[in-house]
Each structure stands twice: as C-alpha cells, then as structure tokens.
Amino acid sequence: MRPTGRFHPRPQGLPISPPVPSPTPAGVSPAPCAAPTPSPRLYRPTPAGLRSLAAEMQAPPGSNALYSSVRFWDGRYGADGPPRDWFGGLSSFSGLLEAQLRTEDRLLVLGCGDSSLSYDLFQKGYTSITNIDYSPVCIEAMSRQHADCHGMAWTVMDARALAFPNESFDVVLEKGTLDAMMVEERDPWNVSPQTAELLDKVLKEVSRVLRPGGRFISITFAQPHFRKRHYAQPGYSWSISCSTYGSDFHFFFYVMRKGEELSAEDHELGQKLWQPNIPPPPGRMLDAEENEDYLNAIDL
C-alpha cells in the first residue's frame with residue numbers, strides 16, 4: 001500500500017478512471033483467476049524487522065522523505081524482489097477484515113502497491129475490487145500480473161482527488177498508505193498543518209466515495225492517541241472503532257462506518273487535531289546520590 005502524490009502520466013493503454021467493477025451476482029461462482037506470474041510472494045518480516053520498520057518510518061526526514069516520492073516507488077516496483085505486504089498479509093487480520101466485508105461489496109484499495117492483499121481477497125470471493133496507486137510502474141505491473149482476474153481494476157490515481165462518483169463503494173481499504181504520507185513528521189504529538197491538511201483531503205475523498213453504511217478500513221501501526229484525531233472529524237460523517245492484531249508487535253485496525261455519529265469522546269479528540277498537543281514532561285529521575293529510601297521519607 002502506497003502513499004499518494006501529484007498526478008503522473010499514465011502508462012500506455014491504462015485507464016485514468018475505469019468503471020467500478022460490478023460484483024459477481026449471488027449464486028454465481030467468480031471467473032477463475034490464474035495465479036499471477038510471478039506468483040505473489042508474501043513478505044513476512046520477523047518481529048525485529050517489524051520494529052525496524054516502525055523505527056524507519058519515524059526516522060529523520062533526511063532518509064524517510066524517500067517514501068513520499070513517486071520516483072522512489074517507481075524504482076522499487078521496477079526492481080526484482082518480493083511484494084511488500086507491510087503489517088502482515090491477509091492471514092494476519094482476515095478475521096477482523098472479513099467481519100466487515102460481504103462478497104457483493106464494491107471495494108476500493110488506496111495505494112495498492114504490489115501487495116498480494118487484493119489478489120487474496122479475490123480468491124476468497126470478493127470479486128469487485130478497484131486498486132489505485134500513484135506509481136505508473138506499479139499499476140502497469142499489477143494489471144499485467146492479474147489480467148485474468150475479471151472484476152479487478154487497476155489505475156493510476158491520486159488519493160486526494162479520486163475520479164469516482166459520489167457513493168461508488170461499499171468499502172475503502174488502506175494498509176500503510178496514510179503512514180507513508182506522514183513519513184516526514186518527526187513529532188507524532190504535533191503533526192504539521194501541511195500533513196494534517198494532506199490527510200484531510202484524502203479522508204474527505206474517502207468519505208465522498210463511500211455509500212451510506214459503507215466502511216473505511218485503515219490498517220496501521222499508529223496508536224489511537226495519534227491517529228484517531230485525524231479520523232474523528234465531524235465532516236466525514238462516520239463513527240470510529242479500533243481493534244488490534246499481532247503478537248510480538250501490535251498493529252491497529254480502524255473501522256469508520258459512514259452515516260454513524262462520532263462518540264462524544266472521539267468528537268472531543270478530533271477537535272484537538274488543530275491545537276498543539278505537547279506531551280507532559282517525563283517524571284524526575286533519581287539523582288546519583290539519591291536512592292529509593294528518600295521516597296519513603298516524604299510526608300504526604
């Protein structure tokens with residue numbers, strides 16, 4: 001799943017705004033979909049690798065700014081190597097995700113990258129999936145690999161300006177895409193106005209293309225006290241719930257349901273997005289000449 005960016009020329013023959021795929025009628029088996037060539041290879045990082053990924057995404061902008069560059073991703077997708085399924089593949093969170101899906105749903109995947117998630121969902125019977133990414137190299141490769149998966153569409157598109165009519169989708173899904181948009185942020189307590197506005201543009205578009213009762217699903221390592229502020233804006237017209245998955249390293253699975261009201265707590269949290277949020281200073285540490293005995297001498 002990949003970040004958004006400015007518009008870029010599309011590869012020859014790829015549509016800018018394809019029709020939203022129609023779901024397979026009830027009772028009709030989906031058309032066979034051959035395994036892509038090469039077959040998707042799921043990237044399964046070790047616990048140490050997951051910790052390294054989280055640290056990498058919060059590193060100084062000098063190294064992390066690459067993640068917001070389409071040239072970087074074009075180069076990555078053009079190189080040999082396994083697909084990148086950040087935060088685990090479908091098997092890691094299938095119970096959480098499939099509880100939110102119906103086989104007849106129309107799905108939109110933001111920043112699809114070369115993840116195997118859409119292919120894996122198609123194989124499970126979710127056959128109306130539109131995938132967008134801002135990397136032409138990625139879209140060209142994925143559309144070629146999955147040409148036999150009728151019902152899956154691939155197109156170059158900017159998530160800040162989705163070329164779909166209002167209420168086009170039942171589900172919008174992103175996995176790591178919003179994280180990649182925030183790579184240049186160094187203080188999660190005080191996100192820059194530019195990044196907050198960037199996410200606001202994307203989330204407004206997500207809300208616009210969701211039908212009433214539709215779900216926006218966001219999979220990330222961002223904890224609720226950092227990420228929910230962005231999701232909890234009344235203008236999006238949705239409620240928020242959050243679950244976790246993972247053992248050695250926990251990831252967060254947010255579900256926003258269009259047409260439901262924010263809780264009072266989430267509404268209050270959302271109002272803090274545009275205010276400086278400075279964390280309290282760390283507690284005082286014991287000086288070298290002190291020891292735990294002096295704590296017992298304090299007269300409360």
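In this predicted model, all 7 of the 7 residues of strand β4 are buried, so β4 is largely enclosed by the rest of the structure. The strand belongs to an open sheet of 7 strands with mixed pairing, arranged in the order β3-β2-β1-β4-β5-β7-β6. Because β3 (152-156) and β6 (238-245) stand at the edges with a single partner strand each, one side of each is left without a neighbour in the sheet. From one strand to the next, the twist averages 15 degrees.

**Pairing around β4**

- On one side, β4 pairs with β1 in the parallel sense over 4 bridges, and within this pairing Val171 of β4 is the bridge partner of Leu107.
- Strands of a sheet pair through backbone hydrogen bonds, in either a parallel or an antiparallel sense.

**Pairing of β5 with β7, and the helices on the sheet**

- Strand β5 (residues 210-220) and strand β7 (residues 251-258) run antiparallel and are joined by 6 bridges, and Thr220 stands opposite Phe252 in β7.
- Helix α8 (residues 193-209) packs on the sheet, where it touches β1 (107-110), β4 (169-175), β5, β6 and β7, and its direction makes about 140 degrees with that of β5.
- Helix α9 (residues 224-231) also packs on the sheet, touching β4, β5, β6 and β7, while its direction makes about 20 degrees with that of β7.

**Nonpolar cores**

- The largest nonpolar core holds 32 residues, of which Phe93, Leu97, Leu121, Ile217 and Ile219 touch the most other members.
- Two or more residues of this core come from each of the elements α4 (90-98), β1, α5 (117-123), α6 (136-145), β3, β4, β5 and β7, and α5 gives the most, with 4 residues.
- Ile219, when its neighbours within four places in sequence are left aside, is in contact with Phe87, Phe93, Leu173, Glu174, Lys175, Gly176, Asp179, Tyr245, Phe252 and Phe253.

Key: Residues are numbered from 1 along each chain as its sequence is written. This is a predicted model: local features need pLDDT of at least 70, side-chain atom pairs count only at pLDDT 80 or more; totals for chains, interfaces and linings use all residues. Side-chain values use heavy atoms; hydrogens and water are left out. Two strands pair if DSSP finds at least two bridges between them. Axes are lines fitted to C-alpha atoms, for helices over the stretch in contact, and angles run from 0 to 180 degrees between N-to-C directions. Contact means heavy atoms within 4.5 Å. Buried means under 20% relative accessible area, exposed over 50%, partly exposed in between (1.4 Å probe, protein chains only). A nonpolar core is a set of buried Ala, Val, Leu, Ile, Met, Phe, Trp, Tyr and Cys residues joined through side-chain atoms within 4.5 Å.
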